[in-house]
Amino acid sequence: MECVKEIRADKEYIKKYNKENKESAWALHSKGEIVLGKGADQQLDHEIGHAFFDKKIYVRGNNDKYKVLDAYEASIKTGKGFPTPYSRENSKEYFAECYAAYNRNPGGLTKSNPAMGKVLKRYWK
């Protein structure tokens with residue numbers, strides 16, 4: 001994916017990053033860099049989901065961003081359709097977690113959240 005400049009699996013870098021930021025984040029997608037660590041496959045899918053949203057969904061002329069927001073609001077109202085507890089944080093985390101869940105199990109996400117399954121299916125070929 002063109003928005004990812006570098007993927008690092010450098011344990012010392014991860015340790016330094018986590019110590020400096022006092023959190024257990026493994027990625028820095030906003031800087032175009034992804035740092036891998038424990039649980040890297042799921043985290044990588046999540047961070048690519050953020051980059052995917054920023055580069056493909058949240059762009060002028062793409063109405064899917066409204067479908068994502070509608071799906072998020074529907075999930076808030078019903079309490080259903082959240083792939084993980086963390087996806088309840090905000091609409092960006094919701095999309096990233098849906099992206100990661102769809103990447104691992106398209107049928108599972110589509111069954112639990114048909115609206116997001118429909119949006120994401122358009123981009124998987």
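1. Let us start with one residue and its surroundings. His46 touches Tyr86, Glu93, Ala96, Glu97 and Ala100, leaving out residues up to four places away in sequence; touching, or contact, means heavy atoms within 4.5 Å. Please keep in mind that this is a predicted model, where local features need pLDDT of at least 70 and side-chain atom pairs count only at pLDDT 80 or more, while totals for chains, interfaces and linings use all residues. Residues are numbered from 1 along each chain as its sequence is written, and side-chain values use heavy atoms, with hydrogens and water left out.

2. Where does His46 sit? Its place is in helix α2, residues 40–57. Helices (H or I, at least four residues) and strands (E, at least two) are DSSP runs, numbered from the N terminus. With a relative accessibility of 4%, His46 counts as buried. Buried means under 20% relative accessible area, exposed means over 50%, and partly exposed is in between (1.4 Å probe, protein chains only).

3. One of the contacts of His46 is also polar: its side chain meets that of Glu93 at 2.9 Å. A polar contact is a pair of N or O atoms within 3.5 Å; within protein, one must be able to donate a hydrogen and the other to accept it, and residues adjacent in sequence count only if both atoms are side-chain atoms. His46 and Tyr94 are 48 residues apart in sequence, with their C-alpha atoms 9.8 Å apart in space.

4. Now step back to the whole chain. The protein has six helices and three strands, in the order β-α-β-β-α-α-α-α-α. Of its 125 residues, 39% count as buried. Among contacts between residues at least 6 apart in sequence, 43% join residues at least 24 apart.

5. Which residues of the largest nonpolar core touch the most other members? They are Val68, Tyr94, Phe95, Leu109, Met116 and Leu120, out of 18 residues in that core. The elements giving two or more residues to this core are α2, α3 (64–78), α4 (91–104) and α6, and α4 provides the largest share, six residues. Such a core is a set of buried Ala, Val, Leu, Ile, Met, Phe, Trp, Tyr and Cys residues joined through side-chain atoms within 4.5 Å. Beyond its neighbours within four places in sequence, Phe95 is in contact with Gly49, Phe52, Phe53, Ile57, Val68, Met116 and Leu120.

6. The structure holds 11 aromatic pairs. The rings of Phe52 and Tyr123 form an edge-to-face pair, because their centres are 5.2 Å apart and their planes stand at 85°. This pair links distant parts of the chain, Phe52 in helix α2 and Tyr123 in the segment after α6 (114–121), 71 residues apart. Rings of Phe, Tyr and Trp (its six-membered ring) pair if their centres lie within 6.5 Å; planes under 30 degrees apart count as stacked, over 60 as edge-to-face and the rest as tilted. Phe52 is buried at 8% relative accessible area, whereas Tyr123 is partly exposed at 27%. Ring pairs also link Phe52, Phe53, Tyr58, Phe95, Tyr99, Tyr102, Tyr123 and Trp124 into a cluster.

7. Finally, visit a loop. Asn90 lies between α3 and α4 and is partly exposed, at 32% relative accessibility. A polar atom of the Asn90 side chain lies 3.0 Å from the backbone nitrogen of Lys92.
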